[in-house]
Amino acid sequence: MFEAQPTALPGRNDPCHCGSGKKYKLCHLRKDQAAAPSTARVKRPAPVMGLEPAAGGRGARAATLIKTPEQIAGIRKAGSLARQLLDLLDERIRPGATTEDIDRWVRDATAAAGAVCAPLNYKGFPKSVCTSVNEVVCHGIPEERVLVEGDIVNVDVTPILGGYYGDSSRMYEVGRVSAEAHRLVEVTRECLDLGIRQVRPGGHVGDIGQAIQAHAESNGFSVVRDFVGHGTGVIFHEEPQIPHFGRRGHGLPLRPGMVFTIEPMINAGDWPVRILADGWTAVTRDGSLSAQFEHTLLVTPDGVDVMTA
């Protein structure tokens with residue numbers, strides 16, 4: 001939810017933000033410079049890593065890279081609720097439903113569980129969930145848009161339960177969709193699964209991105225660079241950042257007790273995005289379809305635990 005944008009761009013001779021290990025000037029500098037003119041006029045959410053206060057609750061006082069057993073237990077409960085909220089939508093998202101309906105269903109179910117929706121009023125976001133339809137990459141704002149046969153929609157939820165955050169998103173196919181849309185959804189699901197398989201102590205953040213990027217591109221799709229996964233649980237957005245592209249063996253080493261999201265955004269066309277006038281909704285620049293799945297994960301001593309499964 002509210003996938004973080006990479007923080008300030010590195011210097012020319014610093015390591016590239018993509019995790020390749022190359023100097024920035026030899027890697028993404030030209031691409032970033034080329035993209036800058038088209039995005040400079042658009043208001044975009046500020047980088048959010050670790051800037052907001054914790055939501056409260058026992059043990060939820062400050063963000064740390066390595067979570068305590070008490071924090072892990074709280075995050076697990078919130079993650080379980082996130083899964084239940086997405087399960088609730090399986091039988092409800094049909095042609096004729098609106099994205100406003102989705103927001104109301106999730107908001108009411110979250111309140112009934114004794115939790116609150118983290119997105120509501122977060123940095124001015126006006127709704128309780130994100131609903132991203134077709135070419136919308138992420139951060140779509142629910143409205144009276146009627147879903148029609150053939151749409152694909154991502155719903156991104158983050159309940160706060162007992163002061164802890166559970167962050168997850170899922171794709172839904174509305175009625176019968178095109179072969180291209182279905183393949184995009186399935187490949188994106190596979191990208192998330194492959195990324196999760198890379199999570200283990202001694203691995204690196206770059207392992208996750210490399211696995212996702214290789215699978216997406218081998219299927220003729222592209223990986224969005226503008227938004228990345230992030231630490232979560234005690235604060236909505238924490239370190240580390242988790243790019244969905246990169247180079248194996250590079251990036252931050254993974255350690256037991258880390259909690260973060262993997263949430264690849266995969267486009268049927270090219271990867272650049274643009275932000276609409278509302279300051280939130282990110283869409284593919286070329287108008288192609290986009291899909292995303294997300295889980296919150298815990299690095300364990302012997303592998304990984306999917307906390308929102």
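A: The structure, a predicted model, holds 11 salt bridges, each defined as a side-chain nitrogen of Lys or Arg within 4 Å of a carboxyl oxygen of Asp or Glu. In one of them E238 pairs with K67, with 2.8 Å between the closest N and O atoms, and this pair links distant parts of the chain, 171 residues apart, since E238 belongs to strand β10 (residues 238-242) while K67 sits in the loop between α1 (29-39) and α2 (69-89). Helices (H or I, at least four residues) and strands (E, at least two) are DSSP runs, numbered from the N terminus. E238 is buried at a relative accessible area of 2%, and K67 is buried at 5%, where buried means under 20% relative accessible area, exposed over 50%, and partly exposed in between (1.4 Å probe, protein chains only).

A salt bridge also joins D90 and R170, at 3.4 Å from N to O; D90 lies in the loop between α2 and α3 (99-112) and R170 in strand β7 (residues 168-173), 80 residues apart. D90 is partly exposed at 33% relative accessibility, whereas R170 is buried at 18%. Both residues belong to a network of salt bridges that also includes R83 and D87.

Within helix α3, D103 and R107 lie 4 residues apart, about one turn of the helix, and their closest N and O atoms are 2.9 Å apart in a salt bridge. Here D103 is buried, with 2% relative accessibility, and R107 is partly exposed, with 31%.

Residues are numbered from 1 along each chain as its sequence is written, and side-chain values use heavy atoms, leaving out hydrogens and water. In this predicted model local features need pLDDT of at least 70 and side-chain atom pairs count only at pLDDT 80 or more, while totals for chains, interfaces and linings use all residues.
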